[in-house]
Amino acid sequence: MYVATDFLLALIKDEDWLGAAAEEVYREHRDELWTSKLTLVELLLVAYREDRDAERVVANATRLVEVRGDEDAVVAAAAFVEDHGFTPFDALHLVESDGDTIVSSDSTYDEFASRFELTDGSG
């Protein structure tokens, strides 16, 4: 059974209105539950928005259920959010660039990757 973000949040948060129901489903079906990389991306965004430890939230989710697809990229991005102050999508772009030069106007990447600076063309 595929689990969506609200299910995992209910398990991860200390208090959630779906907490008891989610825990019961988890106890009864834990071996059948799985999710995707997209759920991890959504958890990363929620953690960032709610000022939670993004790395911990994503890591906890990967321990609770099987993740089908490339979870490592999201886990690595969560580390950049926590350790270096990246926004979730900047962190995901950095990780997905896999060491290649990033074309961007955003200097956030400069310490971690080569960047082809995108400018407004006036200079």
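Analyst: This is a predicted model. Aspartate 106 has a relative accessibility of 23%, so the residue counts as partly exposed; the cut-off for buried is under 20%. Aspartate 106 sits in the loop that runs between strand 3 (102-104) and strand 4 (115-117). Apart from neighbours within four places in sequence, aspartate 106 has contacts with Asp90 and Arg115. Threonine 119 is 13 residues away from aspartate 106 in sequence, and their C-alpha atoms are 9.9 Å apart.

The next position is leucine 94, which belongs to helix 6. Leucine 94 counts as buried because its relative accessibility is 7%. With neighbours within four places in sequence set aside, the contacts of leucine 94 are Phe80, Phe86, Ile102, Tyr109, Phe112 and Ala113. The C-alpha atom of leucine 94 is 31 Å from that of methionine 1, and 93 residues separate the two along the chain.

The largest one has 35 residues. Phe7, Leu8, Leu40, Leu43, Leu44 and Val74 are those with the most contacts inside this core. Two or more residues each come from helix 1 (5-12), helix 2 (19-29), helix 3 (37-49), helix 4 (54-64), helix 5 (72-84) and helix 6 (88-97). Valine 74 touches Lys37, Leu40, Val41, Leu44, Val58 and Leu92, when residues up to four places away in sequence are not counted.

Conventions: Residues numbered from 1 in each chain as written. Predicted model: local features only at pLDDT ≥ 70, side-chain atom pairs only at ≥ 80, totals over all residues. Heavy atoms only, no water. Core = buried A, V, L, I, M, F, W, Y, C linked by side-chain atoms within 4.5 Å. Buried < 20%, exposed > 50% of the residue type's maximum accessible area, 1.4 Å probe, protein only. Helix = DSSP H or I, 4+ residues; strand = E, 2+ residues; numbered from the N terminus. Contact = heavy atoms within 4.5 Å.
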